[in-house]
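Me: Please walk me through this one, a bit at a time.

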Amino acid sequence: MLIRRETPADVDAIRAVHSAAFAKADGGDGVPVEATLVDALRADEGWLPAYSLVATDSDGRVVGHVVATRGLVAGAPVALGLGPLGVLPDWQRRGVGSALMHAVLGAADARDEPLVVLLGHPDYYPRFGFRPAVELGVTPPQPWGPQYFMARPLHGWRESIRGEFRYAGPFDDL
């Protein structure tokens, strides 16, 4: 497996990854929002190409994707909003998601980003250093439970980063 930045040739494969990863178990109609969210994020001012990463198999096929976009805390561009993170079902539970998470966090840290925020499962993301964002003084933009709205401070973290978090614009349309 190789982790690399997304290229224009990956757009359809990324959409397919998120469509498969977030498909309804009952086979219900409709495209998962995660599949179209990445397209909307690409067109947003919060898009940061350095944080759109794919995992490929030995044949170069995209099997996973993660993206982080510019987020704001108290109106300041001092955070990244992570997500979606998706892996093809046949590749799940094989370390692809963990590799993508480590890669995007490493890239963010190397670029002196102070904070990464996400909405996710409290049993999964703490292994990557995430904890309830409210413990850092960062509050969710909606009344989500604090156990789901998590943050990971990086080396650029400052105690003065406090206030309400705001995702890139397309998240408001979900």
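**Strands and core**

Me: In β8, which residue is the bridge partner of Leu 115?

Reply: This is a predicted model: local features need pLDDT of at least 70, side-chain atom pairs count only at pLDDT 80 or more, and totals for chains, interfaces and linings use all residues. Numbering runs from 1 along each chain as its sequence is written, and side-chain values use heavy atoms, without hydrogens or water. Five bridges join antiparallel β5 and β8 (strands are DSSP E runs of at least two residues, helices H or I runs of at least four, numbered from the N terminus; pairing takes at least two bridges). In β8, the partner of Leu 115 is Pro 153.

Me: How many of β5's residues are buried?

Reply: Buried means under 20% relative accessible area with a 1.4 Å probe, protein chains only. β5 is mostly covered, and of its five residues the buried ones number four.

Me: Why are the buried residues of α2 on the same side, and what arc do they cover?

Reply: In α2 (residues 33-42), Ala 35, Leu 37, Val 38 and Leu 41 are buried. They share a side because the arc they cover around the axis is only 165°.

Me: Which residues touch the most other members of the largest nonpolar core?

Reply: Such a core is a set of buried Ala, Val, Leu, Ile, Met, Phe, Trp, Tyr and Cys residues joined through side-chain atoms within 4.5 Å. Of its 51 residues, the ones touching the most others are Met 101, Leu 115 and Phe 130.

Definitions and conventions:
Buried means under 20% relative accessible area, exposed over 50%, partly exposed in between (1.4 Å probe, protein chains only). The arc is that of the directions from the helix axis to the C-beta atoms.
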